[in-house]
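Subject: Structure for you to look through

Dear colleague,

I am handing over the structure we talked about, and below it I have set out what was found. Please keep the sequence and the 3D view open while you read.

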Amino acid sequence: MVSLMNKFTLTSITFLCCLLFSVNNTMATENVSVPASSLESDDFKWADYKKPWMDDIQIHGFLSQGLFSTTGNNVYGKSKDSVSAGSTELGLNISYQALNNLSFAAQGLYRRAGESTGPEGTVSLDFAFIDYTFFRHSAGRFGVRAGRIKNPWGLYNETRDVAATHPTIFLPLAYFERSRALFVSMDGGQLYSDYDTNLGNFTFKFNLGLTNPADKELLAAITGNPNIQGDLTSDLSLLANLNYEIDNGKYVFAFSYANLALGYDGQALDPYKDLNARINSFMLSAQYNGERLSLTAEYALQWNQFSQLPDPFAPGSTFEISPVSEHWYVQAGYRILDNLQATLRYDSSTQDINDRKGIAFSQNPPFLPAQLMFTHDIVFGMRWDITPAWMLRAEYHRVHGSSTISAFDNPNLAQQVADWNIYALQLAYRF
Amino acid sequence: MDFRLFNTSSTLKKQRTFCLFLCACLFILSSHSVHALEVITHPDNIDQLRQLEQQHNLASVFAMRTLYWPNGERIRVIVMPDDNPIHQRFVKENLHLFPHQLRRTWNRLTYTGTGQAPSTVDSAAEMLELVNQTKNAIGYIDNGESHE
């Protein structure tokens with residue numbers, strides 16, 4: 001497993017870990033030192049000077065490392081009949097409440113995800129925005145955020161890289177890693193509104209801007225060609241989410257809608273140069289969070305329109321496809337102890353609801369296996385929150401189909417296996 | 001004055017029983033309040049807390065949805081760690097929530113940058129000290145524990 005991580009990665013992870021822990025410790029000691037110093041006669045100065053700094057600026061972070069072993073297909077590197085440590089996520093964020101109605105927040109993310117990021121991983125600005133609340137009253141507020149903002153897509157997308165915020169190591173298929181770049185964040189603006197009533201709390205978010213789709217994985221998924229040279233670009237896109245919670249999250253209902261537009265940036269002779277895509281999608285979410293039992297279900301339907309794809313059998317001419325994909329799952333979690341949770345999920349993903357079993361797909365050129373068009377996954381996982389900060393979890397997946405796996409981890413599409421298993425282990429830290 | 005006229009032995013008995021009952025009630029109430037968990041606030045914010053409790057459910061304060069005191073100042077929420085027994089009891093008994101529900105909400109705010117989580121202290125003594133020193137702070141203590 002170590003052989004998969006080169007020296008650079010190891011060094012950078014170690015460095016960032018040290019940074020993470022030292023920041024945390026500094027925060028902790030500051031916390032204690034403030035009351036102590038206030039006992040002295042100069043407490044006035046300290047109370048006025050130091051506290052606002054401590055309270056208004058918050059630093060948080062998270063770290064996770066996964067271990068994977070599979071049969072049939074690869075996940076996060078070479079996991080097939082072997083062990084891969086190809087998933088690492090590390091984030092550090094800072095938020096500053098400058099005024100009662102003005103704040104700033106930014107988060108950096110280091111991410112390694114198998115062959116699609118390579119062993120050295122990628123560093124990105126996960127979000128960075130200014131937040132201005134321009135109207136508030138006792139039951140709610142209305143404001144705007146500008147910059148790079150996470151997309152409120154379904155229940156899990158906004159915090160998809162923070163292990164502690166979702167019940168299993170692998171997110172449900174509706175959030176599959178291959179289309180991550182499509183939904184992860186948006187550069188532009190967000191209008192938001194909170195409204196609290198006796199019947200529950202409403203939150204509305206409306207994102208408008210450009211997505212960050214320059215991702216080889218997404219491009220390979222759309223074109224079926226992992227060797228393509230150019231990059232996907234974004235045209236003006238929007239994403240909206242209405243969230244309704246009863247009893248502060250005991251019951252959660254959400255409706256998400258996305259209208260995303262993509263273009264392509266390539267060389268003049270690139271056969272894909274006129275490629276464009278339009279994606280229209282909605283997701284319905286429902287969740288119950290009881291003391292012991294949690295139940296979650298989400299359903300997403302996505303209308304895709306991929307235009308100006310070069311026809312491999314008629315050079316110079318193009319064609320268009322418009323598959324309708326569907327993702328849904330039902331998930332039950334049970335807290336055996338306050339810090340020990342078992343999760344069971346049935347998960348389904350279909351690339352084209354008009355060819356659910358991939359039969360038409362497999363019978364037409366390029367005659368690839370039918371399982372590239374669907375995935376059904378039964379997941380059983382156990383999560384142990386060792387402390388509020390540390391978490392360890394393990395899970396087993398029985399998978400039928402390969403539509404959601406990475407083309408970079410599994411480059412030979414014709415040899416992707418239909419029925420396979422995933423065994424996964426993950427250690428995570430957050431503060 | 002007039003009640004003497006009706007002061008027969010049976011009414012006396014009733015009064016005595018009633019007195020005993022009252023005492024019992026007071027005893028139960030007082031012993032209950034000794035061991036109860038209580039919301040505490042910075043001394044300057046006591047009136048604000050009274051006003052706030054009339055308008056809002058305290059759960060929405062700890063869920064970071066009600067962000068301001070009635071006078072417009074930002075509320076500073078201070079809590080203990082998720083696995084602290086006092087925190088767990090306070091969340092269940094006073095807020096009628098579960099600690100994991102609050103954690104879910106705070107994580108969403110923290111890791112999307114759209115809000116801030118409460119400050120965390122490790123002990124009741126720290127809680128008392130920090131709330132006492134921080135303007136606009138709100139926290140909680142175990143009354144029973146603090147009397148020990």
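A residue is called buried if 20 or more other C-beta atoms lie within 10 Å of its own, and exposed if 12 or fewer do. By that rule, 44% of the 431 residues of chain A count as buried, while in chain B buried residues make up 36% of the 148 residues. Please bear in mind throughout that this is a predicted model.

To begin with the chains themselves, chain A has 5 helices and 17 strands, and among its contacts between residues at least 6 apart in sequence, 59% join residues at least 24 apart. Chain B has 7 helices and 4 strands, which follow the pattern α-β-α-α-β-α-α-β-α-β-α when read along the sequence.

In soluble globular proteins, nonpolar side chains tend to be buried together. The largest nonpolar core here has 47 residues, of which Ala174(A), Leu182(A) and Leu218(A) touch the most other members, and helix H4 (residues 216-223) of chain A gives the largest share of this core, 5 residues. Leaving aside its neighbours within four places in sequence, Leu182(A) is in contact with Thr211(A), Pro213(A), Leu218(A), Leu260(A) and Ile279(A). A second, separate core has 30 residues, including Ile75(B), Leu97(B), Trp106(B) and Ile138(B).

In helix H4 (residues 85-94) of chain B, the buried residues are His87(B), Phe90(B) and Val91(B); seen down the axis of H4(B), they fall within an arc of 95°, so they line one face of the helix. An α-helix has 3.6 residues a turn, so residues three or four places apart point the same way. The buried residues of H4(B) pack against strand S1 (37-41), strand S2 (76-79), H5 and strand S4 (137-142) of chain B, whereas Pro85(B) and Glu93(B), on the other side of H4(B), are exposed. Just after H4(B), His96(B) takes a positive phi of about 55°.

Finally, where the two chains meet, the contact takes 30 residues from chain B and 36 residues from chain A. On the side of chain B that touches chain A, helix H3 (58-62), helix H5 (99-112) and helix H6 (124-133) are the elements that give two or more residues, and the largest share, 9 residues, comes from H5(B). Sorted by class, that side of chain B has 8 nonpolar, 13 polar and 9 charged residues.

With best wishes

Notes
Residues numbered from 1 in each chain as written. Chains lettered and ligands numbered in written order. Predicted model: local features only at pLDDT ≥ 70, side-chain atom pairs only at ≥ 80, totals over all residues. Contact = placed C-beta atoms within 7 Å. Nonpolar A, V, L, I, M, F, W, Y, C, P; charged D, E, K, R; others polar. Core = buried A, V, L, I, M, F, W, Y, C linked by C-beta atoms within 7 Å. Arc of directions from axis to C-beta.
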